Amino acid sequence: MIHALSIDDFDERTLRLLLSWGKEYFEAEDLAHNPDAELLAGRRVALWFDEPSTRTSLSFEAAVKNLGGGVVRIDEKCSSAVKGESWGDTAAVLAELGCSALVIRTSDADVPSALAEEDALSVINAGNGTVEHPTQAIGDLLCLELSGYLSTHLKLAIVGDSAHSRVANSHFRLLPKCGIDVTVCAPAAWLPGSLPSLSSREKERIQLTTSLEEALSGATVAMYLRVQKERHADNNISLYEEFIEKYQLRSEHLSRYPSLKMVMHPGPVNWGIEISPSLRNSPKCAILRQVRCGVAMRMALLRYLLGGEEE
Ligand code: CP
């Protein structure tokens, strides 16, 4: 059984395979009419989201259906987990009920791995607390590939609330592995406290700074992250104001830093906080493209996990 719990579950060969399949799906005229539209015929995937989601939840649903499979949604509050059923038993029951995979988003960081331990069905982490969001990161990688930036010596700036971001945590594992230099930029309180265990060569690719000037100078891509107010113990208004004043991306930055070709954000965006609303329709804004990449990449991932193909 293959699981997708962390970026660490994907070696470089698998990532290349996912990029190649994701690219095929993305470039299809219509994601729903693809050569693998029957790949999951008769198969079911369970979706379990105990935290809010629009794009991850619906893009997994679209990805399953685009490959001909069916979706079962589980309402956590109405599941027997609230009566104390173990995660192992829950996974076994879902498999017995005909589910081949379970996509889970949960505030409890340990749940995806506890479900995977039973090895009854493929478990896909759709965001566990502040720990990881691997499918968002790999979808973003597809967006970089399709824009032609993966093949160059890419310098990418990650700006925003990295300290509370599971997307950032997945990117810290993923981007250095792909040879990308990352500058992480935020007010000191929102810089990551620790980085994942990477080789010293990979670690050298991640720099931390509180200076937006340093992060954006020479960067090709700026990936902004959501200010995650719901994860802040205290709503520090002066910190939010400082962020807007010193770090918000505005039109003037696109002129001041001509190397900057693409603006990304995993969403949902707090327009007017991370990014000025004036950039919403900029040709450099790739945020909606990231959403389509997310569907294509999740189709590729489902094909990898459930398609039974040899690599
Ligand atoms: N990027 C992301 O995870 O968005 P949702 O919370 O809408 O799924």
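Which helices each supply at least two residues of the lining of the largest pocket? Select helix 2 (55–66) and helix 6 (166–177). Helices here are DSSP runs of H or I with at least four residues, strands are E runs of at least two, and both are numbered from the N terminus.

Some ground rules before the next stop. This is a predicted model: local features need pLDDT of at least 70, side-chain atom pairs count only at pLDDT 80 or more, and totals for chains, interfaces and linings use all residues. Residues are numbered from 1 along each chain as its sequence is written, and side-chain values use heavy atoms, with hydrogens and water left out.

**Stop 1: the largest pocket**

Its volume is about 390 Å³. There are 20 lining residues, and R105, R166, R226, G267 and P268 are the closest to the pocket centre. A pocket is found on a 1 Å grid over the protein atoms alone: an open set of points with protein on both sides within 12 Å along at least five of seven lines. A cavity is a set where a 1.4 Å probe fits but cannot get out, and lining residues have an atom within 4 Å of a point. Points are joined across faces, edges and corners, and a volume is the space filled by probe spheres set on them.

Colour the lining by class: four nonpolar, nine polar and seven charged residues. Nonpolar covers Ala, Val, Leu, Ile, Met, Phe, Trp, Tyr, Cys and Pro; charged covers Asp, Glu, Lys and Arg; the others, Gly among them, count as polar.

**Stop 2: the ligand**

Stay where you are: the ligand sits in the largest pocket. That requires more than half of its atoms to lie within 2 Å of the pocket's grid points. Now select its shell: P52, S53, T54, R55, T56, R105, H133, Q136, P266 and G267. By class, the shell holds two nonpolar, six polar and two charged residues.

Show the polar contacts, pairs of N or O atoms within 3.5 Å. For H133, the distance from a polar side-chain atom to a ligand oxygen is 2.9 Å. Alone, the ligand exposes 260 Å², and the protein buries 92% of that. Areas are Shrake-Rupley values with a 1.4 Å probe.

**Stop 3: the cavities**

How many cavities of 30 Å³ or more are there? The count is two.

Select R55, Q136, G139, D140, H265, P266, I287, Q290, V291, G294 and R298 to see its lining. Helix 5 (134–146) and helix 11 (287–306) each give two or more of these residues. Helix 11 gives the most, with five. The classes are three nonpolar, five polar and three charged.

The second largest cavity is about 30 Å³. Its lining is L254, V263, W271, I275, L279, R280, S282 and C285. Six are nonpolar, one is polar and one is charged.

**Stop 4: two backbone details**

Go to G267 and P268. A cis peptide bond joins them, with omega about -10 degrees. P268 is in the loop between strand 9 (262–264) and helix 11.

Finish at D119, in the loop between helix 4 (111–117) and strand 4 (122–128). Phi of D119 is positive, near 55 degrees. Most residues other than glycine have a negative phi, and most peptide bonds are trans.

Technical notes
Near = heavy atom within 4 Å. Polar contact = N/O pair within 3.5 Å; in protein donor to acceptor, adjacent residues only side chain to side chain.
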